[in-house]
Amino acid sequence: MKGIHIVATGRAVPKKIVTNDDMSKIVDTSHEWIVTRTGICQRHICEEETCTTLAVEAAQKALKEAIQKEGIKPEDIKVVVVASVTSEYSFPSTACLVQQALGLSQDTMSFDIGAACSGFLYGLEVCRSLLMAQEGKYALLIGSEQLSRVLDFTERSSCILFGDGAGAAVLRLDDSLYAHRAWSDGNKDVLYCKGAGQEEMKLRMEGQDVFKFAVRVLKQGLDTILTDGEITIEDVDYVVCHQANKRIIEHVMKKYPGHEQKFYMNIENYANTSGASIPIALDEMREEGLLQEGMKIVLVGFGAGLTWSSALITI
Ligand code: UT7
C-alpha cells in the first residue's frame, strides 16, 4: 500500500485574539475555570476573515513552500479537499473557492467533506485514495473552521471551548509506512449543529458525554493504528491528537508511561478549531523544527458524528 508524504504545510488564524478574561465579560466564567478544565488560554475569532479566506491563506502558504521544496507547479495539484463544518456557503464548496483563488487548473477535483473534528484525518485517506489514480500528482488538503459563526455566546460550557482557524497540507504518495482507520456511529444527540433552514444553527454539546467518548476512542484509535502498523508506542516520535481539551489528551497520555512528552499540545493558544486543529499543530511543529525526515507520527481525531479516525504517517 502506498503511503502519504506531507510535502508542505501552512496555517492561518484570524487577527483578533480573545482571551479567557475577554470571555468572562461575555458569559459567567473565569480564566481560572477555563484554563483548569480545558488548558485553553485564548482563541482567535474572525472579524473580517471567513472560513474561505482562512482556507485560502493557509493553502497559499503550503503551496508556496511546496513550490520551493519540490518545484511543483500549481497544475500538478489534482485534488483539493476542504474539511469543514462551518463553510461560508452551503454551495459552492470552499474547496472550489480555494481552487479558484490559487489559480489551480480546472482539471482539479475540488470538494468539501463534513466529518467535523475528524475531517482532516478522513481527508487524508480520501486524498491518498484519489492520488492512487493520479500518478506523480499532488493533493491539497485543508481543515478550515469559523466556529464562532455557530457558537451560542450565552452558553458558557461550549462557547469558551472553540476558536477559528485553518491548516493546510500539500500531499503526495510515497512508499513510506502508512496506516489509516476511520469510524462513525451516527450519534446526533451529544454534539450537533442543525443545518440551513432549521430554526437555530447553533452548536449544541453534552460536554461530559463527549469527554468520555473522546478519552475512549483516542486510546482505541491509537492502539489500533499501532497494531495495524506493526509498531509500538516506542517506535513513535509524536502523537498529534485533535486539540479539544488538554484534560482529554492528558487522560490518554498517562496510559503510555514514559511517552507523555510525545503528545503534542497547542490548545492553549487556539482552543478547539475542529477540523483545523491537527493541520495547525503539524504546521507549528514543522516551524518549531520538531519534525525530522523519517519520523513516525500518529494522528488521532474525534468529533461530531460521532466520528473518529487515526493514521500512522512517516515524515
Ligand atoms: O471536538 C470535540 C468537541 N468537544 C469536546 O471535546 C468537549 C469535551 N468536554 C469537555 O471538554 C468538558 O466536558 C467541558 C470543558 C465542556 C466542561 O467541563 P466539565 O468539567 O465536564 O464541566 P461540567 O459540564 O461537569 O460542569 C461543571 C460545573 C457546572 O456547575 P455546577 O453544576 O457544578 O454548579 C457548570 O455549570 O462547571 C460549570 N461550568 C462553568 N463554570 C464556569 C460549565 N461551564 C463553565 C464555564 N465557566 N465556562
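What volume does the largest pocket have? The largest pocket has a volume of about 1000 Å³.

## Basis

This is a predicted model, in which local features need pLDDT of at least 70 and side-chain atom pairs count only at pLDDT 80 or more, while totals for chains, interfaces and linings use all residues. Residues are numbered from 1 along each chain as its sequence is written, and side-chain values use heavy atoms, with hydrogens and water left out.

## Largest pocket

A pocket here is an open set of points on a 1 Å grid over the protein atoms alone, where a 1.4 Å probe fits, with protein on both sides within 12 Å along at least five of seven lines; lining residues have an atom within 4 Å of a point. Among the 47 lining residues of the largest pocket, Phe162, Leu191, Tyr192, Leu203 and Met205 are the closest to its centre. The lining comprises 23 nonpolar, 17 polar and seven charged residues.

## Second largest pocket

The second largest pocket holds about 150 Å³ of space. Its lining includes His5, Lys69, Arg286 and Ile315, and by class it has four nonpolar, two polar and four charged residues.

Terms used. Points joined across faces, edges and corners; volume = space filled by probe spheres on them. Nonpolar A, V, L, I, M, F, W, Y, C, P; charged D, E, K, R; others polar.
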